[in-house]
Amino acid sequence: MTLQQQLQHAINTKTKPLGSLGLLEDIALQIGLIQQSVSPKITKPHIIVFAADHGIATTGLVNPYPQAVTAQMVLNFVNGGAAINIFTKQNNIGLTVVDAGVNYDFKNVDSIVDCKMAYGTKNYLIEPAMGEAEALQAIENGKKIITQIAAEGCNTIGFGEMGISNTSSASLIMSAIIGNKINDCVGRGTGVNDAQLQTKIETLTKVFEVHNLGEFSCKPVQLLSKIGGFEIATMVGAYLQAVKSNMVIVVDGFIATAALLLAQQQNSDILQNCVFAHASGEQGHEKMLSFLQAKPLLQLGLRLGEGTGAALAIPLIQSAVLFLNQMASFESAGVSDVIDK
């Protein structure tokens, strides 16, 4: 039998009705194939939160919260007070916080990984967010972070982000790559009201036209340089290295999936390693998941970011691996297998 047939046989002959563990059965099979093993393992699961600021935030046109909140939340991560801290601690998941380009100087904060490209991107309403060389360097930074974490024994990774206005970048990336109109991609982000949402849509529609983003639908580095964020670019590099390191990649929400769209254009095999944590409360996220033909594990209406959805999903992924490894088979338990017929 092929490995896939061996895994499927093992899953089907556990003491349960056929298919009764639903998506967990699909995940067990997927992780077995990723690791090329009939007894896969999740070791040292980890979440990386990439943080950076966006020049567009200084205009107030697309965000109800000031740019300064990005740095304040990064310090909250460091001090253990955010949702991602609670969930990673609860589930024994490692956590790394990366300054990819926050508009703040984190002096003497040793627990933050310093990959600062600049003190935020430029305002893409009037000029490109970053240079192509900067985008490429940020991608390389992400690769280096994963190389180090993989060397420490981690084989399961999730990515989160923090950056006021980064839902706007994600919406523009989605629109350019998938082809949906801006108003079908834009959501409320961190709680904009109806009037603010309309302003956000109008602003991003103008941005799309100013940079003629449709021309860059298959040019991920150029697209990042026009309207990306340093945290998104660094995450793209992390995705690329994670698949190269053959990790299980737990995909979080709207911004993390937008970064995946970019990474997929550089490595079309990446989806084989991806488990999709959840469908977020951002309207564009479900459209992206549909485009990727992804089946998310959770439907909780989350729209927080930080990698919170990934942190909540990792225990389910561990459950999928554990049932494959530890659950009795009909034969070993002496149970008749007619119960599934």
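This is a predicted model: local features need pLDDT of at least 70, side-chain atom pairs count only at pLDDT 80 or more; totals for chains, interfaces and linings use all residues.
A residue counts as exposed when its relative accessible area is over 50%, and as buried when that area is under 20%.

C218 has a relative accessibility of 65%, so C218 counts as exposed. C185 sits at the other end of the scale: its relative accessibility is 0%, and therefore C185 is buried. C218, for its part, is in no disulfide, and the count of disulfides comes to zero.

Next, the interior. In soluble globular proteins, nonpolar side chains tend to be buried together. Here the largest nonpolar core has 73 residues, and those with the most contacts inside it are I48, I157, F159, L172, L223, Y239 and I249. Helix α10, residues 230-244, gives the most to this core, with ten residues.

Now turn to the way helices pack. Two packed helices are described by the angle between their axes and the distance between the axes. Helix α2 (residues 23-35) meets helix α13 (residues 308-326) at an angle of about 75°, and their axes are 8 Å apart. That angle makes α2 roughly perpendicular to α13. On the α2 side, the contact is made by L24, E25, I27, A28 and I31, while α13 brings L316, I317, A320, V321, F323 and L324. Ten residues of this contact are nonpolar, one is charged and none is polar.

Another pair to look at is helix α5 (residues 132-151) and helix α9 (residues 220-227), whose axes come within 8 Å and cross at roughly 110°. This makes α5 roughly perpendicular to α9. Here α5 contributes E132, A135, L136 and I139, and α9 contributes V221, Q222, L224 and S225. The residues of this contact divide into five nonpolar, two polar and one charged.

Finally, a few single residues are worth a visit. K44 lies in the loop between α2 and β1. K44 has a positive phi of about 45° although it is not a glycine. Is K44 buried or exposed? Its relative accessible area is 55%, so K44 is exposed. E306, in the loop between α12 and α13, also is not a glycine and has a positive phi, near 70°. With a relative accessible area of 3%, E306 is buried.

G309 is buried, because its relative accessible area is 0%. Which residues is G309 in contact with, leaving aside its neighbours within four places in sequence? They are D252, A277, H278, L298 and L302. G309 and G158 are 151 residues apart along the chain, yet their C-alpha atoms are separated by 9.2 Å.

Conventions. Residues are numbered from 1 along each chain as its sequence is written. Side-chain values use heavy atoms; hydrogens and water are left out. Axes are lines fitted to C-alpha atoms, for helices over the stretch in contact, and angles run from 0 to 180 degrees between N-to-C directions. Helices (H or I, at least four residues) and strands (E, at least two) are DSSP runs, numbered from the N terminus. Angles under 35 degrees count as roughly parallel, over 145 as roughly antiparallel, 65 to 115 as roughly perpendicular and the rest as oblique. Contact means heavy atoms within 4.5 Å. Ala, Val, Leu, Ile, Met, Phe, Trp, Tyr, Cys and Pro count as nonpolar, Asp, Glu, Lys and Arg as charged, and the others, Gly among them, as polar. A nonpolar core is a set of buried Ala, Val, Leu, Ile, Met, Phe, Trp, Tyr and Cys residues joined through side-chain atoms within 4.5 Å. Buried means under 20% relative accessible area, exposed over 50%, partly exposed in between (1.4 Å probe, protein chains only). A disulfide is a pair of cysteine sulfur atoms within 2.5 Å.
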